[in-house]
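Subject: Structure for your review

Dear colleague,

Please find the structure below, followed by a summary of what was found in it.

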Amino acid sequence: MKRTLWVALLVPGVALSLFAPPARAQEALEQDPGYVDVRLVEEGLGRPASIEVNIRGALLRLVASASEHEDPDLARLLRRLKAIQVRGFPLASAEDARAAERNADRLGRRLEGHGWDAVMRVRDAGERVDMYVRTRDDDAIAGLVVFVVDTNDDESVFINIVGEIDPEEIGRIGRTFNIGSLDGVADDAH
Amino acid sequence: MDEQIEAYLDGLLTGPERTAFERRLAADPRWAEELRLARLVRDGLRGWPRPSCPPAVTQAVLEQVRRAEARRPAADRPARPRRPARLWARVMRPSLAMAALAALVVVATVVGRVQQPPRTPDPQVAAALEEVQWTLAYLSRLGRGTGHTVRDEVLEDHVVLPMQDALQAIFKEPSR
C-alpha cells in the first residue's frame, strides 16, 4: 500500500520535473504578445510548409554572437528579438493562391481581433502583402507578422518576428543582404 | 534550464541530480539540443587563445607594487629576510597582491580581446545566420516594393484625383 502511494506521488512529480523547464520556456514565448503560432498558418492551408525557419532561444543568441564580429548592427538587432519564424508554401495553381489569400484574410481578421494592427496592405500586380504589428503598452513594437501571396513567383510566405522591432532598422540592415531564392533557404531549413 | 545545463557541463551536479538530468536529456530532445548548444559555446570559449600579458606591463605593475611598498613607513615594513623568495612572500601583502592581480586581469582581458581572432561558427549557427539574413532581406525588399505602391496609391487618391476634381470644378468640364 505504502509503495503504491509512493509511486502515485512520485510519478507525477518526476513527470513534472522532467518536462516543466522546457515547457516553461516555450510557454513564455507563446505568451509573448508578439508571438503567433505558425501551426495556424499550416492548418489553415491544410498542408505542411515547404520552408521552415525557427530561430529562437539559445540558437538566436548564438547567431547574434556569431555576427557580432562582422556585423555588430545585426547582432544588436538580434539581441532584442525573441524568435524568427518563417513558413513558405509553393503555389502550384490558381486555387492554391486563392486558398493562401483566404487563409491570410482569415488569420488577419483573427490577429486584428487580438490587438494587432494592420500597417500595410498591398495588392499589386500578382503580389499581395499584409503586414501587422502588435505594440506594447509603451508603444514599442512587440511583434510583426507578414503574409505574402506572390503569384509572380508562385510562393506564399508567412513571417513572424517576435521581440523589440524597429522596422526602419530591419529595412536598413536587410538591404545589406542578398535575397536568394526560397529554395536556398529550404535546403538549409531545420 | 540554462543553470542546470551549465552545472551539468561543469560537473557540479550530484549523483542523483546528474541521473535525473540525463533522464531528461533522453526524454526530451529540446534538452539535448540546448545541451549541445551550451557545449558548443563552452568549447568555443575554450578554443580561444589564452591571452598573455606583455612583459612590459607585467614589469610596470610589479614596479608599482615595489614603489608602494617603499613608500610605507620603515617601521611597518617587514625585516629584510635572508632569502629573496621569503622577501617576496612577505612583501606581497594581500591588498597589494589583489591590486596587482586586478591590474593584470584587466590588462590580460584587454589584450585578449584585441588578439581574439574571428571564429568560424558552427554549421547550424551559420545556417541560422543565413536564414536570418534571408528573412531580413525579404522583409526589406517587401518594404521597398510596397513603399512605391503605397506612395503611388497615396498620391493618386489624395493628390492627383482631388486636384483633377478641383480643376474640373473650376473649368466646369462636364467630363466627370
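Among contacts in chain B between residues at least 6 apart in sequence, what percentage join residues at least 24 apart? The figure is 63%, where two residues are in contact if their C-beta atoms, placed from the backbone, lie within 7 Å.

This is a predicted model, in which local features need pLDDT of at least 70 and side-chain atom pairs count only at pLDDT 80 or more, while totals for chains, interfaces and linings use all residues. Residues are numbered from 1 along each chain as its sequence is written, and chains are lettered from A and ligands numbered from 1 in the order in which they are written.

Chain B

Chain B has 7 helices and 0 strands; here helices (H or I, at least four residues) and strands (E, at least two) are DSSP runs, numbered from the N terminus. Of the 176 residues in chain B, 12% are buried. A residue is buried if 20 or more other C-beta atoms lie within 10 Å of its own, exposed if 12 or fewer, and partly exposed in between, with C-beta atoms placed from the backbone.

The sheet of chain A

In chain A, 6 strands form an open antiparallel sheet in the order β1-β2-β6-β5-β4-β3; two strands pair if DSSP finds at least two bridges between them. Strands β1 and β3 (117-124) of chain A stand at the edges with a single partner strand each, so one side of each lacks a neighbour in the sheet.

Strand β2 (residues 81-90) of chain A has 8 of its 10 residues buried, so it is largely enclosed by the rest of the structure. On one hand, β2(A) pairs with strand β1 (residues 51-56) of chain A over 6 antiparallel bridges, and A:G88 is the bridge partner of A:I51. On the other, 9 bridges join β2(A) to the antiparallel strand β6 (residues 155-163) of chain A, where A:F158 is the bridge partner of A:R87.

Two helices of chain A

The axes of helix α3 (residues 57-68) and helix α4 (residues 72-79) of chain A come within 7 Å and cross at roughly 160°. Axes are lines fitted to C-alpha atoms, for helices over the stretch in contact, and angles run from 0 to 180 degrees between N-to-C directions. α3(A) and α4(A) are therefore roughly antiparallel to each other (angles under 35 degrees count as roughly parallel, over 145 as roughly antiparallel, 65 to 115 as roughly perpendicular and the rest as oblique).

Yours sincerely
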